[in-house]
Amino acid sequence: MAFNKIWYTLALGLLLPFSYAHTDFFTSIGHMTDLINTEKDLVVSLKDYIKAEESKLEQIKKWAEKLDQLTDTATKDPEGFLGHPVNAFKLMKRLNTEWGELESLVLKDMSDGFISNMTIQRQFFPNDEDQTGAAKALLRLQDTYNLDTDTLSRGNLPGVKHKSFLTAEDCFELGKIAYTEADYYHTELWMEQALKQLDEGEVSSADKVYILDYLSYAVYQQGDLSKAMMLTRRLLELDPEHQRANGNMKYFEYIMAKEKDANKSSTDSEDQLEKETEVKKKDYLPERRKYEMLCRGEGLKMTPRRQKRLFCRYYDGNRNPRYILGPVKQEDEWDKPRIVRFLDIISDEEIETVKELAKPRLSRATVHDPETGKLTTAHYRVSKSAWLSGYESPVVSRINTRIQDLTGLDVSTAEELQVANYGVGGQYEPHFDFGRKDEPDAFKELGTGNRIATWLFYMSDVSAGGATVFPEVGASVWPKKGTAVFWYNLFPSGEGDYSTRHAACPVLVGNKWVSNKWLHERGQEFRRPCTLSELE
């Protein structure tokens, strides 16, 4: 008997539309979308492998069924069966040739194509840094938007199109990543969530013993000794021989005894001091807390009297010939500092062109290091950016001209158009766009002076989060596709306006694309003359 050869095809083409190796995927949703296509193609390759294995097994099964029937007949009357010369010949042929062919088929490895595909693509996969970065992003979103672990685990977020949830194993992984960062607060939250989901009956590979081990230590590190002991007892109920838990229990009991002795000598004055400290903490609003409140839309509200001074208007760029007959829509977002928004100022076609130009060049966004004066990556800026020059595309040139016409400022000394795409929980914590007095060399190599103003395009809507906030004054500007906001960073005197300190809030749900133009002092001497007062 001869076997038909099995022909199968496994996709071996390049799965990624980009040619660069791993570059911080978690910092850009735009780049992460390519990974979706990669995973889809890998699934297709995997299914082809499964089909090949099934085809192989089907042939083996047919051979077994045929031989099962034949041997049943032959074993009932061996001599009579072999008395037929054809049966005798075929027995010799099967045992000498066909069983060898079957052995070769059984030993044939059908996974070669799939494994080759995986090997090619693995160099483009996210790594541990990406997984840790994405996990930290979830923790950052949890803090910024006051999300409890159950809400986040069940995927109950505003504006979501594709609801997803975290398994107990996922929660355990988040807790472990927090633990490796010595972030015991989040370790406790996520280990408790993992434990809760297991207690509710979720089937998972996560082990309660391991979870309780991490959880009890994280709780102890935060000073809750009684809870740490309770969790350790529960661990020992599941695994009485657990060496570390038994050691921890003895240590906890020793510490508890010492604390009881120390508590006997405590005074009421210490309690009073704690209360006073707590009151001070509540009254004191550090920048971080103000920033997070603004991100949640809980910031300071402008008084009705101030709101009455905010207007919307048709703006012609101070009688600019291009806009006299077709003025643009402009509205006031804030009074001091003055922040204005231009509506319908960039078309969808222009946005897509800018994104297409920028996407192949996106790299981890950088910040100016005040000590070295050089650009460097920073944990407080989670995004990727690219720079586009006007000579590269008529669209970029047209955008630059539009900014000059509507601001009245010379863009020839401005920086190139920066395009940014934010990643998982993408953010840019509070910062100034201009160089302060203690950073005299911030833009020295440009030779164009300080950043006088900022123009910011919103190139996508964001389902939740992603606001631009100004903690010093309590302003929140929310992304709206096709609009742009503009403000001056410097007073006419050239002094920095410290009220323009701003931040990009973490993106809770959605994909945030922006582009900005930083305009510099040089070339504005007659367009925005200096005043005699420093703060005017």
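Modeller: A nonpolar core here is a set of buried Ala, Val, Leu, Ile, Met, Phe, Trp, Tyr and Cys residues joined through side-chain atoms within 4.5 Å. Buried means under 20% relative accessible area (1.4 Å probe, protein chains only). The model is predicted: local features need pLDDT of at least 70, side-chain atom pairs count only at pLDDT 80 or more, and totals for chains, interfaces and linings use all residues. Residues are numbered from 1 along each chain as its sequence is written, and side-chain values use heavy atoms, without hydrogens or water.

Biologist: Which residues touch the most other members of the largest nonpolar core?

Modeller: Tyr145, Trp190, Ile211, Val469, Cys505 and Leu508, out of 45 residues. Elements supplying at least two residues each include helix H8 (184-199), helix H9 (208-221) and strand E16 (507-509). Helices (H or I, at least four residues) and strands (E, at least two) are DSSP runs, numbered from the N terminus.

Biologist: What is tyrosine 145 in contact with, leaving aside neighbours within four places in sequence?

Modeller: Cys295, Arg296, Gly465, Gly466, Cys505, Pro506 and Leu508. Contact means heavy atoms within 4.5 Å.

Biologist: New topic. How many helices and strands are in the protein chain?

Modeller: The protein chain has 16 helices and 17 strands.

Biologist: And what percentage of its residues is buried?

Modeller: Buried residues are 45% of the 536 in the protein chain.

Biologist: How do contacts in the protein chain split by distance in sequence?

Modeller: Take contacts between residues at least 6 apart in sequence: 74% of them join residues at least 24 apart.

Note on methods:
Buried < 20%, exposed > 50% of the residue type's maximum accessible area, 1.4 Å probe, protein only.
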